[in-house]
Amino acid sequence: MERAGWRRGGRDVTDAAVAVAVALLIRYAIVDPPGPSSPWSAWSAWPVAAVLSFPIAVRRRRPRAMLAVACATGTGVTVAGAVAAGAIWLTFVPTALVLYLVAATTSIAWSAAGLAGCLSIAVTAILIFYAQVFPGLALATAPSEMPAAWPIEIGTICVLLTVAWAVGTVVRWKRDTTARLVRHLADAAVTDERRRIARELHDVIGHSMSLIAVKATVANHVADARPQEVRAALAVIEQTSRSTLTEIHRVLDLLRSDGDPQQDPVPAPGMADLPELAAHARSAGVEVELTVRAEAALPAAVAVSVYRIVQQALTNVVTHAGPTRCAVTVDVDGREAVIEVVDDGPRHSRPPRAGPGGHGLIGMRERTKMYGGTFNAGPRAEGGFRVSARLPYDQDGTAA
């Protein structure tokens, strides 16, 4: 608010300075005209110039009203003969400046109507001046610098008003285009954020519910024969549920618009959490061999993407292939992160797993695409399934 008020005040000061400059120019033209002098006394040039220039100083407060005032004032002093013969176009400079603002701030229809009205009124006023006032003026004592002729006056004023309107219209078009672009970018950013949050929730919930479903199935089948295994399964379900609620809380906090500076944000998962992912998969019956080779620390954003890709890959293994054996390899060399998840396929006969079009693979592909990397997923000739992703990045966490 303070900055907007400061800008508004600065513009008002600028308009006032322009009004003073235009008033001085008009006053000089009236006192020392290029053609015959006005029959009015010399001192009247000051109030005439002030009245003509006043709409410039307050044009931003009431643009349309000031356009009418400027045009009416210019017409009145012209018809009354208080202007400079041969330089009447200066009388309509305030009208042109106000018309520019009207064209820059109002609709094209309204500003075009204002232009048409100002042109017709100005042309009529000049014709009246040269028909009724000009013949009675005393001839200039010195040769005229500009011949006093109504075609020149009308042509000059028409060009002046038209150019002012055209410039204002272009400015308004550029502002509208910029505003539409800003709105489009804002909408795109909101859409991307919603998609990112949906992807986060899918990864979190999908991974956790797969583990819970597997352990619940195990517990149900061995409830009578092996109660110790049931308690172990329930412990895994409890731990998974708690960690899932924590991650969901973190993701949903992204949707908060107000933000609570007193509340510490839940840290996003990263490379340090990969062993816990592997442990979860092992608890669901998948023998996970995790290998992490990191020559450099990953930026936080890239680390989250690596974590989510590994998480979704292990979720697919647990859901579609477990119990089985799985090898997870993560290589980080400071320029790119390479992820590979390979499983040996189900140990027992199971329905075929979903193809690469599944939602999990789509989510991993989208995360890889954010960094301009490559993603491949498909069955191996020797059996099982292989997922690989390559994420090039800069040190600020953006795509390389």
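Is Asp176 buried, partly exposed or exposed, and what relative accessibility does Asp176 have? At 27% relative accessibility, Asp176 counts as partly exposed (buried is under 20% relative accessible area, exposed is over 50% and partly exposed is in between, with a 1.4 Å probe and protein chains only).

## What you're looking at

This is a predicted model, where local features need pLDDT of at least 70 and side-chain atom pairs count only at pLDDT 80 or more, while totals for chains, interfaces and linings use all residues. Residues are numbered from 1 along each chain as its sequence is written, and side-chain values use heavy atoms, with hydrogens and water left out.

## Salt bridges

Back to Asp176: its side chain meets that of Arg172 in a salt bridge at 3.4 Å, N to O (a side-chain nitrogen of Lys or Arg within 4 Å of a carboxyl oxygen of Asp or Glu). Both residues sit in helix H6, 4 residues apart, about one turn of the helix (helices are DSSP runs of H or I with at least four residues, strands are E runs with at least two, and numbering goes from the N terminus). Arg172 is partly exposed too, with a relative accessible area of 25%. The count comes to 11 salt bridges.

Glu289 and Arg325 make another salt bridge, at 2.7 Å, N to O. Glu289 is in strand E1 and Arg325 in strand E2, so this pair ties together parts that are 36 residues apart in sequence. Glu289 comes out partly exposed at 41%, and Arg325 is partly exposed at 37%. Then there's Glu382 with Arg380, at 3.1 Å, N to O. Glu382 is exposed, with a relative accessible area of 61%, whereas Arg380 is partly exposed at 23%.

## Strands

E1 (residues 287-294) pairs with E2 (residues 325-332) in the parallel sense, over 8 bridges (two strands pair if DSSP finds at least two bridges between them). Val292 belongs to E1, and its bridge partner in E2 is Val330. Val292 is partly exposed, at 39% relative accessibility. Its C-alpha atom is separated by 6.1 Å from that of Asp331, 39 residues apart along the chain.

On to E3 (residues 336-343), which pairs with E2 in the antiparallel sense over 7 bridges. Cys326 stands opposite Asp343 in E3. E2 and E3 form a hairpin with 3 residues between them, and Gly334 in the turn has a positive phi of about 95 degrees.

## The nonpolar core

The largest nonpolar core has 43 residues, and Ile26, Ile88, Phe129 and Leu161 touch the most other members (a core is a set of buried Ala, Val, Leu, Ile, Met, Phe, Trp, Tyr and Cys residues joined through side-chain atoms within 4.5 Å). At least two residues of this core come from each of H1, H2 (45-57), H3 (63-80), H4 (93-105), H5 (108-133) and H6 (150-221). H5 gives the largest share, 8 residues.

## Cysteines

How many disulfides are there? The count comes to 0 (a disulfide is a pair of cysteine sulfur atoms within 2.5 Å). Cys118 is in no disulfide, and the nearest cysteine sulfur, that of Cys71, is 3.9 Å away. Cys118 counts as buried, at 4% relative accessibility, while Cys158 is partly exposed at 25%.
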